[in-house]
Amino acid sequence: MRPKFSLSFEDAQTAAAACLEAARQHEVEVSVAVVDDSGALLCFSRMDGARAYTVELASQKARTSASVGVATGVIEAMSRERSGQSGGSNAGRGGVPVHYKGQCAGAVGVSGAKPEIDEMIAQAGIAVVTG
């Protein structure tokens, strides 16, 4: 057997706090979702001013990224490469997996800014837990 790694609640809080700080630095209002390895929500934050739709979209990005172990930006790029085959589950950039010892231990999803900014904010959250 092999051990299964998953983000803890404390990891999720730390990642979310770093995402919120990165959002403030970019002067944007976002929603941040952090999920464990199974895609279950551990921590969620919605900044004042973040639109209502960002709640579900941030969660969807995190769940999608955790379920496949790759960033949603990669999924988006693959969808574009397949002419005429856009998947209904493509949430766009902003979902980034947390890898630990070669395994996906969870993911962070961010929504509310431009896609590239969402992704940078999510990466800032992951950086503090993977150090």
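How many residues apart in helix 1 are Arg24 and Glu21? They sit 3 residues apart, so about one helical turn separates them. The views below start from the whole chain and then zoom in on pairs and single residues.

This is a predicted model, where local features need pLDDT of at least 70 and side-chain atom pairs pLDDT 80 or more, while totals for chains, interfaces and linings use all residues. Residues are numbered from 1 along each chain as its sequence is written, and side-chain values use heavy atoms, with hydrogens and water left out.

**View 1. The whole chain, for orientation.** The protein chain has 4 helices and 4 strands (DSSP runs of H or I with at least four residues, or of E with at least two, numbered from the N terminus). Reading from the N terminus, the order is α-β-β-α-α-β-β-α. Along the principal axes, the C-alpha atoms fill a box of roughly 40 × 35 × 20 Å. The radius of gyration is 14 Å, which agrees with the value near 14 Å for a compact globule of 131 residues (taken over C-alpha atoms; the rule is 2.2 Å times the number of residues to the power 0.38). Of the 131 residues, 47% count as buried (under 20% relative accessible area; exposed is over 50%, and partly exposed lies in between, with a 1.4 Å probe and protein chains only). Among contacts with a separation of 6 or more, 63% join residues 24 or more positions apart (contact means heavy atoms within 4.5 Å).

View 2. A search of the whole structure turns up 5 salt bridges.

**View 3. Helix 4 meets helix 2.** Asp118 and Lys61 form a salt bridge, 3.1 Å between the closest N and O atoms. Asp118 belongs to helix 4 and Lys61 to helix 2 (residues 53–68), so the pair ties together parts 57 residues apart in sequence. Asp118 is buried at 3% relative accessible area, and Lys61 is buried at 3% as well. Glu119 also lies in helix 4 (residues 115–130) and is buried, at 13%. Beyond its neighbours within four places in sequence, Glu119 touches Ala71, Gly73, Arg93, Gly94 and Val96.

**View 4. Lys4 reaches over to Asp37.** The two side chains meet in a salt bridge of 3.0 Å, N to O. Lys4 is in the segment before helix 1 and Asp37 in the loop between strand 1 and strand 2, so parts 33 residues apart in sequence are tied together. Lys4 is exposed at 64% relative accessibility, whereas Asp37 is buried at 17%.

**View 5. An aromatic pair.** A pair of aromatic rings is described by the distance of the centres and the angle of the planes. The count comes to 1 aromatic pair (Phe, Tyr or Trp rings, Trp by its six-membered ring, with centres within 6.5 Å; planes under 30 degrees apart are stacked, over 60 edge-to-face, the rest tilted). The rings of Phe5 and Tyr100 have centres 4.8 Å apart and planes at 80°, so they are edge-to-face. Phe5 lies in the segment before helix 1 (9–26) and Tyr100 in strand 3 (residues 95–100), so the pair links parts 95 residues apart in sequence. Phe5 is partly exposed at 21% relative accessibility, and so is Tyr100 at 42%.

View 6. Most residues other than glycine have a negative phi. Glu27 has phi near 60°, and Lys101 has phi near 50°. Glu27 is in the loop between helix 1 and strand 1 (31–36) and is exposed at 71% relative accessible area. Lys101 is in the loop between strand 3 and strand 4 (103–111) and is exposed at 62%.

**View 7. Ser45 and its surroundings.** Ser45 sits in strand 2 (residues 41–46) and is buried, at 17% relative accessibility. Apart from neighbours within four places in sequence, Ser45 is in contact with Ala16, Leu20, Val30, Ser31 and Val32.

How values were computed:
Salt bridge = Lys/Arg side-chain N within 4 Å of Asp/Glu carboxyl O.
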